[in-house]
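Let's take a walk through this protein together. Keep the viewer open and follow along as we go.

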Amino acid sequence: MAKDYKNLQEEIIDVCLRRGIIFPTAEIYGGASGFYEFGPIGELIRQNLISLWRYHFIKSEENIHEISGSTILPEKVFEASGHLETFNDPLTQCMKCKSMFRVDHLLENVDPSKNYDAMSLDELSEELKKSGLVCPKCKGELGDVRSFNLMFETKIGPSGGIRGFLRPETAQNIFINFRRISHSMRSKLPFGIAQVGKAYRNEISPRNFLIRLREFEQMEIEMFVDPEHMNSHPRWDEVSTMEIPILTRDAQKNGGKAIMISVEDALKQGLIPNQFFGYFMALESEFVKSLGVSEDKFWFRHLLESETAHYSKANYDLEIEFPFGIVECIGNAYRTDYDLKKHAEKSKTKLQIVTDDGRKVVPHVIEPSFGVQRLFYILLLSSYRKGDREWTWFQFPYSVAPYEVVVAPLMKKDGLKEAAYDFFWDLKDEGIDAIYDESGQIGKRYARADEIGVPFVFTVDYQSLDDETVTIRDRDTTKQYRIPMSEASDVIRELIFNVLTFEDLKNEFKEINSGKKHGSDKEPSPKNGKKTEAKKNPEGKKGKKGKKKGQSKKSKK
RNA sequence: GCACGCGUGGUGAAGGGGUUAUCAUAGGAGCCUUCCAAGCUCUUGUCCCGGGUUCGAGUCCCGGCGCGUGCACCA
């Protein structure tokens, strides 16, 4: 198992480097652990991934607004949020009353001669045990030493008088802009504020390629809800019967598996705290499936009490299973009014909403938080294909593929090259994401297109010169049909948006015999019959119309 | 952060003190080719960084950086 994983990860890293998908940061200077950059192809995919998310969670909603905030924030923000206190020093928590204490401070009272700053967490734990110290408040037992030294610190301004920190999550920008946004958008509860952006954590030990990074990107929503109406989501009916996999706390304790349960039932059984929380879980489930993750490979894990912050009323992580282990890529938290109250107190600003019936309420917050790099990696892992042809390829959902189509002349001579190049520009002028490739033999270009997951290739051949047709090759089956150039952009659009499947072209256009001409006796064995998962999940690209979540959205008003 | 292993063209590998570092593949130019990494010619490009030992270091030693694995930690 572990070995398979290693090979799989190595293969994916290999293709990422060769094909311009992901690079290690500062590689020519020896690299920087925990930092990776998106290459040209990776960046196209990343942008599409973010667009797909934006489509699912913002554009398909009525009251969720996106902002883009500063990544450096002054110290006070994190004093209020609690990050400064809880992310920076070796801490111990009283097992009884849950109070947190700085271990170095406690120990300095015992033996001031030792340098506790230089000690490891283990050493500090040992010192703490040896000291026999108990909780100063309640005399309870003190837990193991934990360090949360995760924020990158910086100084703001020439005098450096103000301490700043690179934000460890995007969420704080949303809370500190709450009043401005709610006023300028004339917001009524419930409403959401979303943000896509970088966050930074100085991880002790970055690992596993894109999984644990020091600089990463989050896509977050803070959904603000009237605490008295947590169970009146206006679109609940659209999702209530949708089934999602839940790994309950009981199941975790007993080694059980996730159960499929409708969000309605999950709510009734008290597994999830409210409709708003369940609504997002339902959407996330659909979203993850649209990335090509199969239904039996992910679940929502209810975090154990020990993993849950004291102010949080519920946490569910969406986890995806791979041969090597489990990747957590979406976190859901019911943060109640904790953040707004803390910032209101610290900033002496009222962070509240006046409801229609005249109540002044501090909204409660539901927070779904997505890791871009983790989802990106999951996309690579779940789309990666090998063994059915002589090269590896990515069966990306069309909506996230780096290009829509490659345009290739069959050969460079006899005017084919010129005709193909003109055709390529025609497509681009029509807004098709096309890329032109004339280098090498045609099969090599099909392979190159496959390898970065481009869904289709148009080939301009001799017949094209006679009758203005081109062949279109399907990445997933390697089949080809011949279509008129004049219809090419429409066909691509309809395929990409899943108005048509590739097999639908059969009814209208002629199939082309294709096969290997040169050399080897091995025939490529195109996959037959198996439709790409992508085809079931068309949404998210330019101009695509919304897909129902079960019932018509229009009914919501 | 600790321990172990590893670091050679873009990618994958060989070379483990001694001429000008080898091979495959890839990239570029061209020939050939009427549809799935064929072939031919030319060409581009490599010893992670810094010290040390040595007449001589890709090779040995030390340190750093990076990657992997385990532990610890963690979204």
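What follows is a tour that goes from salt bridges to aromatic rings, then to contacts, the backbone and the surface. One thing to keep in mind from the start: this is a predicted model.

Let's begin with charges that pair up. The structure holds 35 salt bridges, and a few of them are worth a stop. Look for glutamate 61 and arginine 235, which form one of these bridges, with 3.2 Å between their closest N and O atoms. Glutamate 61 sits in the loop between helix H2 (40–59) and strand S3 (64–67), while arginine 235 sits in the loop between strand S11 (215–225) and helix H9 (236–239), so this bridge ties together parts that are 174 residues apart in sequence. Both glutamate 61 and arginine 235 are buried.

Aspartate 226 forms a salt bridge with arginine 359, and here the closest N and O atoms are 2.7 Å apart. Aspartate 226 belongs to the loop between S11 and H9, and arginine 359 to the loop between strand S17 (353–354) and strand S18 (360–361), so parts 133 residues apart in sequence are tied together. Is aspartate 226 buried or exposed? Its relative accessible area is 7%, and buried means under 20%, so aspartate 226 counts as buried.

If you'd rather see several charges linked up, find Asp14, Arg18, Arg19 and Glu451, which are connected in a network of salt bridges.

Now for the rings. A search of the whole structure turns up 25 aromatic pairs. How do the rings of phenylalanine 78 and phenylalanine 165 sit relative to each other, and why is the pair called edge-to-face? Their centres are 6.0 Å apart and their planes are at 85°; planes over 60 degrees apart count as edge-to-face, so that is the name this pair gets. The pair also links distant parts of the chain, with phenylalanine 78 in helix H3 (residues 75–81) and phenylalanine 165 in strand S9 (residues 162–166), 87 residues apart. Phenylalanine 78 has 0% relative accessibility and counts as buried, and phenylalanine 165 is buried as well, at 1%. Elsewhere, Trp53, Phe57, Phe287 and Phe370 form one aromatic cluster.

Some contacts show up in the C-alpha atoms. Asparagine 173, in helix H7 (residues 171–176), is 104 residues from glycine 69 along the chain, yet their C-alpha atoms are separated by 5.8 Å. Asparagine 173 is buried, with a relative accessible area of 2%. Alanine 401, in the loop between strand S21 (393–394) and strand S22 (405–409), is buried too, at 0%. Alanine 401 and isoleucine 452 are 51 residues apart in sequence, with 7.9 Å from C-alpha to C-alpha.

Next, a look at the backbone. The peptide bond from leucine 189 to proline 190 is cis, with omega near -5°, and you'll find proline 190 in the loop between helix H8 (178–184) and strand S10 (191–200). Alanine 26 isn't a glycine, but it has a positive phi of about 55°. Alanine 26 lies in the loop between strand S1 (22–24) and strand S2 (36–38) and is partly exposed, at 36% relative accessibility. Glutamate 468 has a positive phi too, near 55°. Its loop runs between helix H17 (462–467) and strand S25 (469–474), and at 54% relative accessibility glutamate 468 counts as exposed.

Let's finish on the surface. Glu418, Asp422, Asp426 and Asp429 gather there in a patch of negative charge. One of them, aspartate 426, is in helix H15 (residues 416–429) and is partly exposed, with a relative accessible area of 43%. For a nonpolar patch, turn to Ile72, Ile156 and Ile162, which make one of about 240 Å². Isoleucine 72 is in strand S4 (residues 72–74) and counts as partly exposed, at 40% relative accessibility.

Key. Residues are numbered from 1 along each chain as its sequence is written. Chains are lettered from A and ligands numbered from 1 in the order in which they are written. This is a predicted model: local features need pLDDT of at least 70, side-chain atom pairs count only at pLDDT 80 or more; totals for chains, interfaces and linings use all residues. Side-chain values use heavy atoms; hydrogens and water are left out. Patches are made of residues with over 30% relative accessible area and no salt bridge: like charges are joined within 9 Å, nonpolar side chains (Val, Leu, Ile, Met, Phe, Trp, Tyr) within 5 Å. Accessible areas come from the Shrake-Rupley method with a 1.4 Å probe; for residues, only the protein chains shown count as cover. A salt bridge is a side-chain nitrogen of Lys or Arg within 4 Å of a carboxyl oxygen of Asp or Glu. Lys and Arg count as positive and Asp and Glu as negative; His and the chain ends are not counted. The place of a charge is taken as NZ of Lys, CZ of Arg, CG of Asp or CD of Glu. Helices (H or I, at least four residues) and strands (E, at least two) are DSSP runs, numbered from the N terminus. Buried means under 20% relative accessible area, exposed over 50%, partly exposed in between (1.4 Å probe, protein chains only). Rings of Phe, Tyr and Trp (its six-membered ring) pair if their centres lie within 6.5 Å; planes under 30 degrees apart count as stacked, over 60 as edge-to-face and the rest as tilted.
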